[in-house]
Amino acid sequence: MSEVRAEPTSAAGAPRGSGGGGRHLVAVLALPGFPPFELGIPSRVFGSAVDESGEALYEVVVCTADGGPVPSDSGFVLQPAAGPEALAVADTVIVPPTHAMPELALGGPLPPAVAAAIAGIRPGARLVSICSGSYVLAAAGLLDGRPATTHWNLALEFRRAYPRVSIDENVLFVDDGDVLTSAGVSAGVDLCLHLIRRDHGVAVTNRAARMCVVPPWRDGGQAQYIDRPVPEPTVATTTATRAWALERLAEPIALAELAAHARMSLRTFTRRFRDEVGMTPVQWLTAQRMELARDLLESSDLPVDLVAHQSGFGSANSLRQHMRSTLGISPIAYRRTFHATPEAIDVAAAR
């Protein structure tokens, strides 16, 4: 195996937590058998978060449970920048997945060094897992009685191993305040951007997302891309009906109309729609209308009343309620943050 050395994302030297007056310190705990992509997500995303003057807002350090090197699952060994002492001062601790602790899938105990490292996390630190890193938090008892998520393919196994955790495999990430968990791979990117949004707002998040060339927002409640059976060619699908509905988002569309267009009974249509899309027809319609409303708010100067009408929400009050419940922001505040004026576009192009 070859060896690589992980360095902090800033040249500040020793990690600095909230007690030291420095930038927000993110400690990433590398465990044996880590997948490199997931391990690198926090450094890449948080390392792209800067203020208006270009100053870094986070310091990211990769550490291990004992300070020693750990093997990846991809043929190289990682020499970390720090040991468990980083966890004792970190503001946020992120646990990426590991493919070398099969005992956790059976509800077994953490290795002693890992258990000791987790126990040494600074009180009040924010805890985050990416994909099956949730097993580590669960094995430490940190998810008991809490909602959480993990990769959809592991949900059944996870429930058996950790019945005290309320696992939801149908979402990209779960924010439970001081403990957050994400689904597989790219959902870790979504969760890191969500944390930046929580800490610094959408403008900083947009800059970070643009640097990473990823969408700045995917709602945590969005369904994971679960492997669903593809209907046989002879079996009717809801694809054409969805396309039909997308052309009529401004109009009231009843569930019975959708079923009639698909030439299915209401019950069959609802079941097949959920199987194919991962959500109910009503949830899907609302999500599509929200995407259209966001696009109109960002790309046009239409009054909010007209945006609401054209996106199918009917009234500004209805749009306002939906945006607050899904995005936590009003239409006017959303437009103020995201609407690109010609001057802003020129500035962005110059960069």
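Of the contacts in the protein with a separation of 6 or more, 65% are between residues 24 or more positions apart. The model is predicted. Its secondary structure comes to 14 helices and eleven strands, and buried residues make up 46% of the 351 residues.

Consider the open sheet. Six strands form it, in the order S3-S2-S6-S7-S11-S10, with mixed pairing. Strand S3 (58-63) and strand S10 (173-175) stand at the edges; each has a single partner strand, so one side of each is left without a neighbour in the sheet. From one strand to the next, the twist averages 15 degrees. Strands of a sheet pair through backbone hydrogen bonds, either parallel or antiparallel. For S3 and strand S2 (residues 24-29) the sense is parallel, and the pairing runs over six bridges. Within this pair, Ala27 has Val61 in S3 as its bridge partner.

Helix H5 (residues 186-200) packs on the sheet. The helix touches S2, S3, strand S6 (92-95), strand S7 (126-129), S10 and S11, and its direction makes about 150 degrees with that of S11.

A further helix packs against H5. Two packed helices are described by the angle between their axes and the distance between the axes. For helix H1 (residues 36-46) and H5, the axes come within 10 Å and cross at roughly 35 degrees. The crossing of H1 and H5 is right-handed. On the H1 side, the contact is made by Ile41, Pro42, Val45 and Phe46; on the H5 side, by Gly188, Val189, Cys192, Leu193, Leu195 and Ile196. By class, the contact of H1 with H5 has nine nonpolar residues, one polar residue and no charged residues.

Return now to the sheet and to one residue in it. Thr181 lies in strand S11 (residues 179-182). Its relative accessibility is 1%, and because buried means under 20%, Thr181 counts as buried. A polar atom of the Thr181 side chain lies 2.9 Å from the backbone nitrogen of Thr149. Leaving aside neighbours within four places in sequence, Thr181 is in contact with Ser129, Leu143, Ala148, Thr149, Phe173, Val174 and Leu191.

Strands S4 and S5 form a hairpin with four residues between them. Strand S4 (residues 70-71) pairs with S5 in the antiparallel sense over two bridges, and the bridge partner of Pro71 in S5 is Val77. In the turn, Gly75 has a positive phi of about 90 degrees. Along strand S5 (residues 76-79), Phe76 and Leu78 point one way, while Val77 and Gln79 point the other way. All of these S5 residues are buried.

The loop between S5 and S6 holds Val89. Val89 and Val26 are 63 residues apart along the chain, and their C-alpha atoms are separated by 9.3 Å.

Technical notes
Residues are numbered from 1 along each chain as its sequence is written. This is a predicted model: local features need pLDDT of at least 70, side-chain atom pairs count only at pLDDT 80 or more; totals for chains, interfaces and linings use all residues. Side-chain values use heavy atoms; hydrogens and water are left out. Buried means under 20% relative accessible area, exposed over 50%, partly exposed in between (1.4 Å probe, protein chains only). A polar contact is a pair of N or O atoms within 3.5 Å; within protein, one must be able to donate a hydrogen and the other to accept it, and residues adjacent in sequence count only if both atoms are side-chain atoms. Contact means heavy atoms within 4.5 Å. Two strands pair if DSSP finds at least two bridges between them. Axes are lines fitted to C-alpha atoms, for helices over the stretch in contact, and angles run from 0 to 180 degrees between N-to-C directions. A crossing is left-handed if the near helix is turned anticlockwise from the far one by less than a right angle, and right-handed if clockwise. Ala, Val, Leu, Ile, Met, Phe, Trp, Tyr, Cys and Pro count as nonpolar, Asp, Glu, Lys and Arg as charged, and the others, Gly among them, as polar.
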